[in-house]
Amino acid sequence: MCGIIGYIGKNVKKNLIEGLERLEYRGYDSAGMVIQYNNNFIVRKTVGSVDNLKENVKDIEFDGVGIAHTRWATHGKISLENCHPHFSFKNEICLVHNGIIENFEKLKEKLVKKGIKFYGETDSEVVAKILGENLSLKKIKKLFSLLEGSFSIVSISKNKKELFFAKYKSPLYIAFKEKSMMVASDPSCFFGKFNKYLTIDDGEYGKISLNGIEVYNQDSQMVEKKVSKIKTKELADDKNKFKYYMLKEINESKSIIDNIIERYKQSQLIFRLKSLNIKNFNRIYLVGCGTAYHAGLVGQMYFKEMLEKDIFVCKASEFIFEKNILDNKSLCFFISQSGETADTITALKFAKNRGAKTIAIVNAEYSTITRIADDFFPICAGLEKAVASTKAYLAQCIIFYILAKSFKNEDFISNLITFKGKLSLGNNSLIKRLASYLSYKDKVFFIGRGIDYITSLEAALKLKEITYIYAFAECSGELKHGTLALIEKEIPVIVVATDKKTFAKVLNNAYEVKARGGKLILITSIAINKEIKDNFDFIIKIRRCDEKFLPIQSIIILQKLAYFTAVKMGLNPDMPRNLAKSVTVE
Ligand code: M6R
């Protein structure tokens with residue numbers, strides 16, 4: 001993970017700070033910056049968020065060249081010593097790194113034997129020490145044969161207005177205009193500053209100066225790169241009236257459905273949907289991590305109703321270790337909001353190498369996953385900044401609905417329009433009341449059957465990730481096979497019950513909880529009588545809609561529940577501890 005950025009031009013500090021603010025979703029354990037000034041380095045490092053660094057650089061106002069970094073700790077504790085940029089032995093050069101150097105211990109051992117002193121514990125510092133005191137293209141190229149793992153690196157020296165870079169597996173992009181250049185982990189850094197950018201591919205390295213950008217491949221040949229236009233709409237990220245991105249993003253649910261309808265009406269996407277000839281495949285795999293994995297579970301439900309095929313949902317981090325049958329009869333969907341998740345990229349390459357047809361379901365259309373996959377379907381959710389994924393989940397589920405319908409040659413647009421009309425963002429005061437009660441609890445259970453169990457899984461993930469409450473989801477029918485032993489007096493158990501087919505059975509499971517002193521909270525779209533009502537301590541009614549969309553309708557309410565609980569607890573839901581938005585390490 002981590003976000004890296006380098007800049008040459010006017011107002012170097014301002015540009016680096018603004019870039020870091022956009023990269024902060026990649027980690028916020030520490031932030032650091034080095035600016036070259038008078039053949040020397042001005043170095044500023046802080047533990048914690050970019051706001052802390054901002055305070056620390058108030059006195060710097062120069063034009064020139066600099067690099068900066070926002071860290072998600074992998075190797076070494078969260079400390080100033082481990083904060084990037086890292087320096088060569090004699091401090092003549094420094095660099096920022098995103099990725100993991102898997103063989104850093106061996107390399108470090110050799111350097112230490114040569115008398116090189118290290119200040120921190122990171123793998124990245126090893127790269128700075130390897131580069132030594134004089135930056136050159138030759139030295140940058142050498143990194144590819146020395147380093148194992150993943151890296152994108154930007155490096156500067158004390159006395160030249162040049163940025164050197166190298167990329168292997170971790171993302172890297174370069175934007176340019178006449179008098180300024182920027183290199184960064186994510187094109188969102190370029191928003192409002194540049195119109196054009198290049199995507200650096202694995203194995204490429206080079207040099208950026210105000211005279212131009214030189215990109216080389218592993219044969220030391222200069223590469224002509226394709227220039228892409230920055231899509232401003234996709235990268236806009238203002239919070240509007242909202243205090244936190246997470247609530248803003250949940251509130252965008254309706255407009256996302258509009259975006260999807262608009263985009264999937266267009267001939268280009270209709271053509272791509274039609275070309276995915278499902279008859280050619282025996283097996284379907286849906287692969288992702290975290291929330292994207294849960295969207296895969298929803299996708300599996302949609303597909304199972306429409307197709308007579310074997311459909312598997314896999315966690316990307318497990319995919320390459322499982323004995324999956326992967327050949328040209330396999331159709332694999334790789335689901336990722338960011339399109340940069342390392343586990344998902346590895347799984348995608350694995351499937352591709354075995355001849356499977358690979359399709360990306362992504363939000364970031366310029367991402368690595370989009371580029372590697374044979375084809376992609378955009379989820380059209382717009383930039384998602386909060387670490388907890390909300391609107392992207394809704395959009396991923398809808399894209400699977402569209403795919404399932406189009407496999408059957410059925411219309412999906414009119415159903416989506418009707419659903420959008422019915423979609424409710426819930427009653428905030430009711431959700432806040434429940435959130436306030438949960439904010440004093442240290443454990444919460446979610447139970448449901450079938451599709452409601454999937455919603456429970458996603459709701460529990462949301463709650464635990466932003467409130468740190470121990471949240472556990474279980475199929476309600478499974479409780480009596482073990483988990484019921486955990487139920488004690490006053491434990492909140494949230495019963496998700498939107499499916500008429502399973503409602504009666506879920507109620508029985510809920511009553512088994514009540515008999516053991518648990519507090520029952522019902523989330524339902526089904527009409528209930530007084531007798532049922534009396535058994536629950538709290539009830540939230542979900543607006544009814546086409547049953548296919550109920551998991552989307554109910555998750556919005558549960559996302560809000562997690563959000564309001566975190567806010568009530570005084571936590572920042574956008575930046576949960578220990579996590580980052582884009583998980584670019586395995
Ligand atoms: O960018 P991706 O969709 O590939 O990310 C996958 C997961 O890391 C992500 O969904 C994670 O689980 C979220 N923080 C959950 O809210």
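Thr368 has its place in helix α13, residues 368–372. Helices (H or I, at least four residues) and strands (E, at least two) are DSSP runs, numbered from the N terminus. The model is predicted: local features need pLDDT of at least 70, side-chain atom pairs count only at pLDDT 80 or more, and totals for chains, interfaces and linings use all residues. Residues are numbered from 1 along each chain as its sequence is written, and side-chain values use heavy atoms, with hydrogens and water left out.

Thr368 counts as buried because its relative accessibility is 7%. Buried means under 20% relative accessible area, exposed means over 50%, and partly exposed lies in between (1.4 Å probe, protein chains only). Leaving aside neighbours within four places in sequence, Thr368 is in contact with Pro171, Tyr173, Gly339, Glu340 and Ile345. Contact here means heavy atoms within 4.5 Å. The C-alpha atoms of Thr368 and Glu214 are separated by 21 Å, and the two residues are 154 places apart along the chain.

The next topic is a parallel sheet. Five strands form an open sheet in the order β16-β15-β17-β18-β19, with parallel pairing. Strands β16 (310–315) and β19 (375–378) stand at the edges; each has a single partner strand, so one side of each is left without a neighbour in the sheet. From one strand to the next, the twist averages 20°. Two strands are said to pair if DSSP finds at least two bridges between them.

Strand β17 can be followed through its partners. Over five bridges, β15 (residues 283–288) and β17 (residues 330–336) pair in the parallel sense. Within this pairing, Tyr285 stands opposite Cys332 of β17, and Val287 stands opposite Phe334 of β17. Strand β17 also runs parallel to β18, to which six bridges join it. Here Phe334 stands opposite Ala360 in β18.

Is β17 mostly covered or uncovered? Strand β17 is mostly covered, since seven of its seven residues are buried. On one side these are Ser330, Cys332, Phe334 and Ser336, and on the other Leu331, Phe333 and Ile335, with both faces covered. Helix α12 (residues 342–353) lies across β15, β17 and β18 (357–362), and runs at about 165° to β17. For such angles, axes are lines fitted to C-alpha atoms, for helices over the stretch in contact, and the angles run from 0 to 180 degrees between N-to-C directions.

A second sheet has antiparallel pairing: this open sheet of six strands has the order β5-β6-β7-β8-β12-β13. Its edges are β5 and β13 (212–216), each with a single partner strand, so one side of each lacks a neighbour in the sheet. Strand β12 (residues 205–209) and β13 run antiparallel and are joined by five bridges. In β13, Tyr216 is the bridge partner of Tyr205. Helix α5 (residues 137–146) lies across β7 (149–157), β8 (163–168), β12 and β13, and runs at about 15° to β8.

The loop between β4 and β5 holds Pro85. A cis peptide bond, with omega of about -10°, joins His84 and Pro85. Ile78 is also found in the loop between β4 (64–71) and β5 (86–87). Because its relative accessibility is 45%, Ile78 counts as partly exposed. Together with Val47 and Leu80, Ile78 forms a nonpolar patch on the surface, with about 240 Å² of accessible area together. Patches are made of residues with over 30% relative accessible area and no salt bridge; like charges are joined within 9 Å, and nonpolar side chains (Val, Leu, Ile, Met, Phe, Trp, Tyr) within 5 Å. A salt bridge is a side-chain nitrogen of Lys or Arg within 4 Å of a carboxyl oxygen of Asp or Glu. Accessible areas come from the Shrake-Rupley method with a 1.4 Å probe, and for residues only the protein chains shown count as cover.

Three further residues complete the account. Glu252 lies in the loop between α7 (245–251) and α8 (253–264) and is buried, with a relative accessible area of 17%. Not counting residues up to four places away in sequence, Glu252 touches Ala381 and Lys391. Glu490, in the loop between β21 (470–475) and β22 (492–497), has a positive phi of about 75° although it is not a glycine. Its relative accessibility is 41%, so Glu490 counts as partly exposed. Asn578, in the segment after α20 (550–568), likewise is not a glycine but has a positive phi, of about 65°. Asn578 counts as exposed because its relative accessibility is 55%.
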